[in-house]
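The sequence and model are shown below.

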Amino acid sequence: MNLLGQAVKHEKFGNGVITELCGNKITVCFAESSKLFLFPEAIPRYLTLKNNSIQKKIEIINEERTQLINEEKKKIEEENKYRNRLYKADDEIRGWNADY
């Protein structure tokens, strides 16, 4: 997916063209100035591509990334709940043994 030269629109800055893609950042040249955006997060949050096909592909990438992040958060929450149960059980055992 080649983003260089793709036309975009921004609500505040107007129409622009993607002039650089470096890692997870894209540079967009607008009439007044160039701006740096995080990629792919900025599309469709801040930028809309004129090319609907590429726009939809990026939206799918964002959805997949969001799903992976949510799954990872859920996994971490479950691990933390398990650890908390272990700590609580350990505290109860230590408290029970302290009575003797």
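## Aromatic residues

Phe-13 is partly exposed, at a relative accessible area of 31%. The classes used here are buried for under 20% relative accessible area, exposed for over 50% and partly exposed in between, with a 1.4 Å probe and protein chains only. Phe-30 counts as buried, with 6% relative accessibility, and Phe-37 counts as buried at 10%. The model is predicted: local features need pLDDT of at least 70, side-chain atom pairs count only at pLDDT 80 or more, and totals for chains, interfaces and linings use all residues. Residues are numbered from 1 along each chain as its sequence is written, and side-chain values use heavy atoms, with hydrogens and water left out.

A search of the whole structure gives two aromatic pairs. Phe-13 and Phe-30 make a tilted pair, 5.3 Å centre to centre with 40° between the planes. Phe-13 sits in the loop between strand E1 (7–10) and strand E2 (14–22), while Phe-30 belongs to strand E3 (residues 25–30), so this pair ties together parts that are 17 residues apart in sequence. Phe-30 and Phe-37 have ring centres 6.3 Å apart and planes at 75°, so their pair is edge-to-face. Rings of Phe, Tyr and Trp (its six-membered ring) pair if their centres lie within 6.5 Å; planes under 30 degrees apart count as stacked, over 60 as edge-to-face and the rest as tilted. One aromatic cluster is formed by Phe-13, Phe-30 and Phe-37.

## Strand pairing

E2 and E3 run antiparallel and are joined by six bridges. Two strands pair if DSSP finds at least two bridges between them. Phe-30 in E3 is the bridge partner of Gly-16. The hairpin of E2 and E3 has two residues between the strands, and Gly-23 takes a positive phi near 65° there.

E3 also runs antiparallel to strand E4 (residues 34–38), with five bridges between them. Leu-36 in E4 stands opposite Thr-27.

Five strands form an open sheet with antiparallel pairing, in the order E4-E3-E2-E1-E5. E4 and strand E5 (47–49) are the edge strands, each pairing on one side only. From one strand to the next, the twist averages 40°; axes are lines fitted to C-alpha atoms, for helices over the stretch in contact, and angles run from 0 to 180 degrees between N-to-C directions.

## Whole chain

The secondary structure comprises two helices and five strands, which follow the order β-β-β-β-α-β-α from the N terminus. Helices (H or I, at least four residues) and strands (E, at least two) are DSSP runs, numbered from the N terminus. The radius of gyration is 24 Å, well over the 13 Å that the globule rule gives for 100 residues, so the protein is more spread out than a compact globule. This radius is taken over C-alpha atoms, and the rule is 2.2 Å times the number of residues to the power 0.38. Along the principal axes, the C-alpha atoms fill a box of roughly 80 × 25 × 25 Å.

Of the 100 residues, 21% count as buried. Among contacts (heavy atoms within 4.5 Å) between residues at least 6 apart in sequence, 27% join residues at least 24 apart. The protein exposes about 7,900 Å², of which carbon and sulfur atoms supply 51%.

Definitions and conventions: Areas by Shrake-Rupley, 256 points an atom, 1.4 Å probe, with all protein chains shown as cover.
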